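Please examine the sequence and the three-dimensional view that follow.

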Amino acid sequence: MRELLQIIFDALSLGSLYALGALGIALIFGVMRLVNFAHGDFIAFCVFAMLWPSIDAAAIVFAGQLPFYLLIPLLLAIGAALSILSEIVVFRRFRNANPATMMIASFALGFVIRHLLLMLFSSRPKSITLWPSLGLPVEFLGAHIPMLQVVTIIITLAVLAVLVLFLKRTRYGLEMRAAADNFTMARMLGVRANGVILLAFAISGMLAAAIGLILATNSGTADIGMGANVMLIAFIATVIGGLGSLPGAVAAGFLIGAASVVFQATLPHDARVFRDAFVYGAVIVVLLVRPQGLFAPKSAKQRV
Amino acid sequence: MSQRPSVIRQTIITPIVLIVALLIMAALSYQFGSRAFNRTVVEMFINIMVVVGLYVFVGNSGLLSFGHISFMCLGAYMTAWLTIPPVMKSITLKGLPAWLLHTQLPMWVATPISGLFAALFALIVGRVIMRLSGIAASIATFGLLGVINNVYSNWDSVTGGQGSIVGIPPTMNVWTGWIGGAVAIAIAYLYSISRSGLALRATRDEAVAASASGIDIVRERLIAFVVSAFIIGLAGALYAHFLSIVNPGAFYLRTTFITLSMLVVGGMYSLSGAVSGVVAISVLIELFRDLEKGISLGGHTVGLPNGVQEIAIGIITIVILIYLPTGLTRNREFSWRRWPLQRRLTRPVQTALKELH
């Protein structure tokens, strides 16, 4: 029972990270059919924004010293600003380009951001301590659960709730859902394309910042490659969930998190190093059974 | 009645121009280049093989594949297993089957075997994956890359795990590199004028119309997948000989994206695009590498700070894509009459179907 509870919390907290990442990718995909490969580098950028640029091994914590009620809004603002900037400078010029071209452009942008960070901070991972008290375990029904896992899950649920309210109850949310459903039609009915796209980028950037904060607190290090892994799984989750479907992306993110944790716990010891192979294999199987994704929106169906 | 124009006679000039251009580069670098420069040229030839292999699948089918670098991995490791002296293998790779442990083949035999191995693997997984289309197929190939990388990084007794396997004979020079590039271009050309290549391009431009005309999309895609895996397997084998070490990290995301960028920058729907994309990016990388080392200006060495190279390459890629979204060659092929060729591959009409992807 205790082990089961542990597994459930592991699965939920890992799934939360993937779900937040998948949401960030799905939002942008929904409004402009862009698979944003720079998302992982946005995450890394937000983490490194807490440090002062230096190539020494010991990190000079700069913004990271702020109290949390200042640090969190600051980082969210940085994430949103970076994301909006990249849309204005780069992606705006690819509105009518072929999806492969956009994908490569986003990859090139991520490449630039990553090497900018490498130049400023060197490739050595740096230790960064944020809120050490979150690492302490809490007792829950006899199991010791790290406080951070609980906080991660709560934050994710809160973010999801706010986003659902935003999308369902506000005018901008309505515009964004309309744009995700049929962009051309939404424009014809008076939705401002640039506004909706900028908003999607801003939210996506804030989600990247949130993931960055959770990752940095969790691992205690800042590493250039830290966003890439989350981004990859998130990208896969958006496809499995059904491209263009936000609830699908979230559900698939949780599903992949759960699959990873369950494989880790149940595979025989020798096969455990091959966990990722099993996860990717499962992804291929899911795609073969449902190529359009688990929760494909009706609008995604091909019409002839 | 006029004679039917022959496809070969109309298009044969493209591979000839490309192969001759590469031959000139090889000769110039052999004659005038330093040792380090020659290595750069060999690396460029290997990249040309990889990107041409990618073109065979991506260019003809229109599906983006993230998984082809896993074929490079398969080819490189197969070559390592076949060509490392048995004495060294018995220490580092204990888990190999006995017959493999005691064989040592020359490069000219091991390389085609590596290519065939990759092609065979592609045939098996392709039968499953090629049933998908659109972005689902891209993600499935991505899953393939993840599986192969994970297995090769962790199956310690057979692949040496995360570490490198050493001891592959370093037999590459610009001429072998050129032969590799020329073989890749020839295979890609022959495929693209074959019945299957034409059929596959028809499915790329209008899937519904093509399948209504009796084209079996899955079968044609599978053929292209296997052919491209063969070319990339060969490239992997030569890459192993080039570095004389292999490790799984070399065949993962970075290589995947850089080769895809080269293809898209050149023009993903043309063979000339595949080759010129690699040449253009390689020249840029070499140029900035030299600038980072510094140029002497009146006794002072002025150099760019380290790391500017990658940033500049990224920015230039974005700028090229902004102004030439269909790549440097705009998806045309090189030819004599009106150069580049007027017989451009026209972009498919944007139909309602395309809109929804």
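In chain A, helix α10 (residues 246-266) packs against helix α11 at an angle of about 140°, and their axes are 9 Å apart. Helices (H or I, at least four residues) and strands (E, at least two) are DSSP runs, numbered from the N terminus. Axes are lines fitted to C-alpha atoms, for helices over the stretch in contact, and the angles between N-to-C directions run from 0 to 180 degrees. The two helices α10(A) and α11(A) are therefore oblique to each other; angles under 35 degrees count as roughly parallel, over 145 as roughly antiparallel, 65 to 115 as roughly perpendicular and the rest as oblique. The crossing of α10(A) and α11(A) is right-handed. A crossing is called right-handed if the near helix is turned clockwise from the far one by less than a right angle, and left-handed if anticlockwise.

The structure is a predicted model, in which local features need pLDDT of at least 70 and side-chain atom pairs count only at pLDDT 80 or more, whereas totals for chains, interfaces and linings use all residues. Residues are numbered from 1 along each chain as its sequence is written, and chains are lettered from A and ligands numbered from 1 in the order in which they are written.

Which residues bring α10(A) and α11(A) together? From α10(A) come A:I256, A:A259, A:S260, A:F263 and A:Q264, and they meet A:R275, A:F278, A:V279 and A:A282 of α11(A). Two residues are in contact if their C-beta atoms, placed from the backbone, lie within 7 Å. The residues of this contact comprise six nonpolar, two polar and one charged. Here Ala, Val, Leu, Ile, Met, Phe, Trp, Tyr, Cys and Pro count as nonpolar, Asp, Glu, Lys and Arg as charged, and the others, Gly among them, as polar.

Helix α11(A), which spans residues 275-289, also takes part in a contact with chain B: its axis and that of helix α8 (residues 134-154) of chain B come within 8 Å and cross at roughly 160°. That angle makes α11(A) roughly antiparallel to α8(B). The crossing of α11(A) and α8(B) is left-handed. On the side of α11(A), the residues in contact include A:Y280, A:V283, A:I284 and A:L287, and those of α8(B) include B:I139, B:G143, B:V147 and B:V151. By class, the contact of α11(A) with α8(B) has 10 nonpolar, four polar and one charged residues.

In total, 34 residues of chain B are in contact with 34 residues of chain A. The elements of chain B that give two or more residues to this side are α8, α14 (253-266), α16 (308-323) and α17 (352-355). The largest share, 10 residues, comes from α8(B).

Within chain B, α15(B) and α16(B) pack at an angle of about 145° with their axes 9 Å apart, and α15(B) passes α16(B) in a right-handed crossing. One of the residues of α15(B) (residues 271-293) is B:L284, which touches B:I313 and B:I316, not counting residues up to four places away in sequence. B:L284 is partly exposed, with 17 other C-beta atoms within 10 Å; a residue is buried if 20 or more other C-beta atoms lie within 10 Å of its own, exposed if 12 or fewer, and partly exposed in between.

Two loop residues of chain B deserve attention for their backbone. Most residues other than glycine have a negative phi. Phi of B:S244, however, is near 65°, and B:S244 lies in the loop between α13 (217-243) and β2 (245-246). Phi of B:N331 is near 60°, and B:N331 lies in the loop between α16 and α17 of chain B. B:S244 is partly exposed, whereas B:N331 counts as buried.
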